[in-house]
Amino acid sequence: MSDPALDLCRRAYKLYGRGDFDALLELFAADVVVYVAPPNFESGTYNGRDSYRRLIERWGASWSTMVIEPYTTYTEQDVLDCKGPGEE
């Protein structure tokens with residue numbers, strides 16, 4: 001049986017990998033809050049689609065291709081957390 005939350009994560013990562021940031025950002029609420037944990041050099045809290053777009057455009061410019069395969073999700077109220085290999 002399909003997991004809708006995991007399917008959504010996979011779709012988002014696929015759009016990111018293709019560089020289709022417009023379609024990716026449509027998956028998020030306008031007031032999205034994205035937290036990037038330390039020790040990432042971009043660690044911090046990004047508020048709203050515009051702020052998140054600037055972040056993913058910087059990340060996207062660093063790679064010719066990117067493939068992330070999420071395998072678990074955690075949902076609580078309006079929070080969706082996707083985990084990939086090596087993430088706790």
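**Salt bridges and a core**

Mentor: Happy to! In this predicted model, salt bridges link D22, R53 and E57 in a network.

Trainee: Why is the pair D22 and R53 called a salt bridge?

Mentor: The cut-off is a side-chain nitrogen of Lys or Arg within 4 Å of a carboxyl oxygen of Asp or Glu. For the side chains of D22 and R53, the N to O value is 2.3 Å, so the pair counts as a salt bridge.

Trainee: And what parts does that pair tie together?

Mentor: D22 belongs to helix α2 (residues 21-26) and R53 to helix α3 (residues 48-61), so the pair joins parts that are 31 residues apart in sequence.

Trainee: Why is D22 called exposed, and what is R53 called?

Mentor: Exposed means over 50% relative accessible area. D22 has 51%, so D22 is exposed. R53 has 22%, so R53 falls between the 20% and 50% limits and is partly exposed.

Trainee: What makes E57 and R53 a salt bridge?

Mentor: Their closest N and O atoms are 3.2 Å apart. That is within 4 Å, so this pair qualifies too. E57 and R53 both lie in helix α3, 4 residues apart, which is about one turn of the helix. E57 has 36% relative accessibility, so E57 is partly exposed.

Trainee: How many salt bridges are there in the whole structure?

Mentor: A search finds 4. One of them is between R58 and E42, at 2.9 Å, N to O. R58 is in helix α3, while E42 sits in the loop between β1 (33-36) and β2 (44-47), and the two are 16 residues apart.

Trainee: Are R58 and E42 buried, exposed or partly exposed?

Mentor: Buried means under 20%. E42 has a relative accessible area of 11%, so E42 is buried. R58, at 38%, is partly exposed.

Trainee: Now the nonpolar core: which residues have the most contacts inside the largest one?

Mentor: That core has 13 residues, and those with the most contacts inside it are L24, V34, Y52 and I56. The elements giving two or more residues to this core are α1 (4-18), α2, β1 and α3.

Trainee: What does L24 touch?

Mentor: Leaving out residues up to four places away in sequence, L24 touches A12, L15, Y16 and I56. Contact means heavy atoms within 4.5 Å, so that is the cut-off behind the word "touches".

Notes:
Residues are numbered from 1 along each chain as its sequence is written. This is a predicted model: local features need pLDDT of at least 70, side-chain atom pairs count only at pLDDT 80 or more; totals for chains, interfaces and linings use all residues. Side-chain values use heavy atoms; hydrogens and water are left out. Buried means under 20% relative accessible area, exposed over 50%, partly exposed in between (1.4 Å probe, protein chains only). A nonpolar core is a set of buried Ala, Val, Leu, Ile, Met, Phe, Trp, Tyr and Cys residues joined through side-chain atoms within 4.5 Å.
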